[in-house]
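Hi,

Here is the model I promised to send over. Have a look at it first, and then read my notes below.

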Amino acid sequence: MAVLRTAEPGAPRPSRAAGAASGGSPTPARNRAGRRSGSLTGWMFVLPFLVVYALFLVWPTVSGLWMSFFNVSLSGSAGEFVALDNWIELFGDPAVWSSLWHTVQFTIISTPLLVGVGLGMALLTNRAMPARWLWRLAFFGPFVLPVTTVTLIFVWLFQPGFGLADTILGWFGIEGIGWLSDPRFAMWSIVLATLWWTVGFNYLLYLAALQSIPEHLYEAAAIDGASRWRQLWSITIPMLNRTTGLIVVLQLLASLKVFDQIYLMTSGGPNYATRPIIQYIYDAGFTNYRIGYASAISYFFFALIILVSVAQFRFTSRQEGKK
């Protein structure tokens, strides 16, 4: 049995140093030393990441913004300070607005298709069906291919005369069209290639979300006599709202940054009809050797992406607040 002993009146009280020496409770000085040692150990673990982060993200970001106020050549020499001339010039440059419109056009066309088709494929393969694993593999497989392989495949498919697309049109007596050479069809052809290539990522997210919906909800709805169509609109779609919001945000950002497939399939043609804003930044910096002007356009486009992201975030938060 533990015995509680109290100090007798007038007896000397043990000092903190004596308590520490006898292995008693740690003193505040020892606590501070321990916390300092722990903090130092933590900083040692984080330091490599901070160095890499500062070298490859913070410094290029600050340096790029600084260069937008200079006429910097590709050789990296200091260049002439031009203040806001690069920024004023980009607002009056018709090539900036046309390439920005092509980027927005690609985003407007591709985003609904990539979201809707991804959802449709997930709904199809979430049900019991023969060779379901093969369908899942076929739907997700193209996403792991490199962009060069994808563009090579579609450039051959869209070859005038003997390509698969023109061959299929010929079966119905329709004359072949310039899939990549006609300004009316070039952007749609690029969207089609992008859809085949990247829809697998959205499909995978939707499939995972579908498998997390409790089965008893469908069983209860079936007992109440709800049809499959009614279950889709009353259970499945509402339960996928968060996943759909995430996919729309990711897809908007990915589509606004489009560059690779357009550059490899049409190089921005025909007659700049598909040139996105990032390709124009590339042309300004590495073809026309105007790094400062390219930096100004880059930060202008970066600000637009931030605005779109904030607007989408506020819209999503408002929708969540209404529930």
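Of the 323 residues in the protein, 33% are buried, where buried means under 20% relative accessible area, exposed over 50% and partly exposed in between, with a 1.4 Å probe and protein chains only. Bear in mind that this is a predicted model, in which local features need pLDDT of at least 70 and side-chain atom pairs count only at pLDDT 80 or more, while totals for chains, interfaces and linings use all residues. Residues are numbered from 1 along each chain as its sequence is written, and side-chain values use heavy atoms, with hydrogens and water left out.

The secondary structure comes to 14 helices and two strands; these are DSSP runs numbered from the N terminus, with helices being H or I of at least four residues and strands E of at least two. Taking the contacts between residues at least 6 apart in sequence, 66% join residues at least 24 apart (contact means heavy atoms within 4.5 Å).

On the annotation side, the unreviewed UniProt entry marks "transmembrane region" at residues 40-59, 104-125, 137-158, 185-208, 239-259 and 291-313. UniProt positions are in the numbering used here, feature names are shortened, and annotations may be inferred rather than shown by experiment. I checked two of these spans in the model. Residues 185-208 are 100% helix and 0% strand, with end C-alpha atoms 35 Å apart. For residues 239-259 the figures are 81% helix and 0% strand, and the end C-alpha atoms lie 34 Å apart.

Now the helix packing. H8 (residues 183-211) packs on H11 at about 165°, with the axes 10 Å apart; axes are lines fitted to C-alpha atoms, for helices over the stretch in contact, and angles run from 0 to 180 degrees between N-to-C directions. That angle makes H8 roughly antiparallel to H11 (over 145 degrees counts as roughly antiparallel, under 35 as roughly parallel, 65 to 115 as roughly perpendicular and the rest as oblique). The crossing of H8 and H11 is right-handed, the term for a near helix turned clockwise from the far one by less than a right angle, with anticlockwise being left-handed. On the H8 side the contact involves Phe 201, Asn 202, Leu 205, Tyr 206 and Ala 209, and on the H11 side Thr 243, Thr 244, Ile 247, Leu 250 and Gln 251.

H9 (residues 215-223) and H10 (residues 228-239) also pack at about 165°, with axes 11 Å apart. H9 and H10 are therefore roughly antiparallel, and their crossing is right-handed. Leu 217, Tyr 218, Ala 221 and Ala 222 of H9 meet Gln 231, Ile 235, Thr 236 and Met 239 of H10.

- Ser 255 sits in H11 (residues 241-256) and is buried, at 2% relative accessibility. Beyond neighbours within four places in sequence, Ser 255 contacts Thr 103, Phe 106, Thr 107, Ser 110 and Thr 111.
- Thr 274 is in the loop between H12 (260-265) and H13 (277-287), and is buried at 1%. A polar atom of the Thr 274 side chain lies 2.6 Å from the backbone oxygen of Gly 269. Residues touching Thr 274 include His 102, Met 187, Ile 190 and Ile 262.
- Leu 304, in H14 (residues 291-322), is partly exposed at 28%.

Cheers

Note on methods. A polar contact is a pair of N or O atoms within 3.5 Å; within protein, one must be able to donate a hydrogen and the other to accept it, and residues adjacent in sequence count only if both atoms are side-chain atoms.
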